[in-house]
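Here is a brief report on helix packing and a chain contact. Please keep the sequence and the model in view while reading.

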Amino acid sequence: MAEVQRGDREAYTALLNDIGPAVMSFLRRRVHEGAEAQDLYQEVFVALHRARHTYQPSRPLEPWLFAIARHVVAHHRQRRSAQRSREVLVAAPPERAVENVGFVKPRLEQALRQLSAEQREAFVLLQVDGLSVEMAAARAGTTTGALKVRAHRAYRALRGLL
Amino acid sequence: MRVVGTPPVHRALVARLVADAQPVARLWPPAPRLAAWLGLALAVVALAGVVGLRPDVRTELARPLYVAQVTALLAGATLFAAAALRAAVPGLGANRALVGAALALTAAGVALAWWMPAVDSHATVFGPRCALCVVLFGALPGVALFVAVRRGAPFHARATAAWAGSAALLVGAAAVRLACPVDEPLHLLGWHVVPVAVGGVLSAVAGSTWLARWCEV
């Protein structure tokens with residue numbers, strides 16, 4: 001990233017290719033619509049590009065990157081919420097394409113949907129993505145203690161649901 | 001070749017961003033920027049002591065409560081400024097503790113006035129002038145802090161603008177505390193500290209739009 005700040009285009013290409021899958025995975029966990037996730041993916045990359053001068057090489061990249069991604073998602077949810085409050089409900093919902101969720105079994109997926117967003121995120125980061133508590137906490141933008149509490153509550157809720 | 005796990009738009013997006021990848025001046029970390037801002041704030045406070053209406057400022061500076069009050073206001077300003085500068089750097093974590101401590105110090109600065117013996121009662125005469133001076137003395141630190149925050153990437157523009165505005169106006173309040181000859185607690189609360197609270201709210205409204213522009217395409 002320090003090379004990117006100096007204008008090294010090869011390093012920038014390598015960095016964006018490297019973080020792309022992690023960013024997409026992060027977004028898929030937060031938005032259900034594929035097209036929406038793709039739009040947000042572009043927004044995250046543009047925000048990262050505009051904020052690249054704020055990165056401090058002495059600090060790890062992940063908290064910086066996912067703080068930007070979280071901000072983009074939160075901003076998107078605010079916009080969407082405002083938009084929904086203005087929309088008129090229709091009599092019948094439109095048909096929805098089947099999403100390729102793939103990473104969890106249907107019953108578990110159904111149970112996961114009943115958890116709070118924070119608990120679901122903690123569970124997926126630790127149990128589906130297999131991250132360490134420290135990495136998962138950095139990605140969720142919280143402390144390791146708070147992440148452990150969220151995960152514990154998620155496990156307890158899932159035991160009751162499954 | 002498509003990068004696995006990325007959407008179809010990835011290649012075009014990367015090509016567009018890389019084409020625009022000019023060298024950028026790295027943002028200084030919050031600590032040295034805060035130190036520079038604090039230097040400016042102290043200079044403003046010192047100037048107020050020199051040009052102020054208070055003839056006994058040297059005597060007052062020997063009273064521990066008086067010094068503690070000015071120090072509490074300046075410390076509150078510093079913590080608000082630190083929160084604003086940190087908020088402009090992604091991934092530095094929450095600022096709740098900093099803002100809580102800044103509010104506590106400001107409250108302590110106000111509360112100390114009740115322990116100090118009242119000397120004069122020109123509250124009505126000096127009142128509006130004091131409020132104006134809080135704004136005037138806070139203007140330069142305010143502009144400097146907003147420019148410094150704008151250089152970063154402030155996500156929560158409204159809160160960041162409120163913290164930056166409060167920091168600047170607390171410097172103004174500390175400066176006016178050195179310049180104003182009135183020691184009455186209600187005067188200090190009404191004409192020195194309430195303008196800080198009102199200014200904090202106004203800067204949240206006015207400054208948030210400007211700070212939020214960093215991410216506009």
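How are H6(A) and H7(A) oriented to each other? This is a predicted model. The axes of H6(A) and helix H7 (residues 133-140) of chain A cross at roughly 140° and come within 9 Å. The two helices, H6(A) and H7(A), are therefore oblique to each other. The crossing of H6(A) past H7(A) is right-handed.

Which residues meet here? From H6(A) come Glu121(A), Ala122(A), Leu125(A) and Leu126(A); H7(A) supplies Ala136(A), Arg139(A) and Ala140(A). This contact of H6(A) with H7(A) has 5 nonpolar and 2 charged residues, with no polar ones.

H6(A) also packs on another helix. Helix H6 (residues 117-128) of chain A and helix H8 (residues 144-161) of chain A have axes that come within 8 Å and cross at roughly 95°. On H6(A), the residues are Glu118(A), Gln119(A), Arg120(A), Ala122(A), Phe123(A) and Leu126(A). They meet Leu147(A), Arg150(A), Ala151(A), Arg153(A), Ala154(A) and Ala157(A) in H8(A). By class, the contact of H6(A) with H8(A) has 7 nonpolar, 1 polar and 4 charged residues.

The axis values for the two pairs:

| Helix pair | Axes come within | Crossing angle |
|---|---|---|
| H6(A) and H7(A) | 9 Å | roughly 140° |
| H6(A) and H8(A) | 8 Å | roughly 95° |

Now the chain contact. In chain B, 28 residues are in contact with 31 residues of chain A. The side of chain B that touches chain A has 21 nonpolar, 6 polar and 1 charged residues.

Definitions and conventions: Residues are numbered from 1 along each chain as its sequence is written. Chains are lettered from A and ligands numbered from 1 in the order in which they are written. This is a predicted model: local features need pLDDT of at least 70, side-chain atom pairs count only at pLDDT 80 or more; totals for chains, interfaces and linings use all residues. Two residues are in contact if their C-beta atoms, placed from the backbone, lie within 7 Å. Ala, Val, Leu, Ile, Met, Phe, Trp, Tyr, Cys and Pro count as nonpolar, Asp, Glu, Lys and Arg as charged, and the others, Gly among them, as polar. Axes are lines fitted to C-alpha atoms, for helices over the stretch in contact, and angles run from 0 to 180 degrees between N-to-C directions. Helices (H or I, at least four residues) and strands (E, at least two) are DSSP runs, numbered from the N terminus. Angles under 35 degrees count as roughly parallel, over 145 as roughly antiparallel, 65 to 115 as roughly perpendicular and the rest as oblique. A crossing is left-handed if the near helix is turned anticlockwise from the far one by less than a right angle, and right-handed if clockwise.
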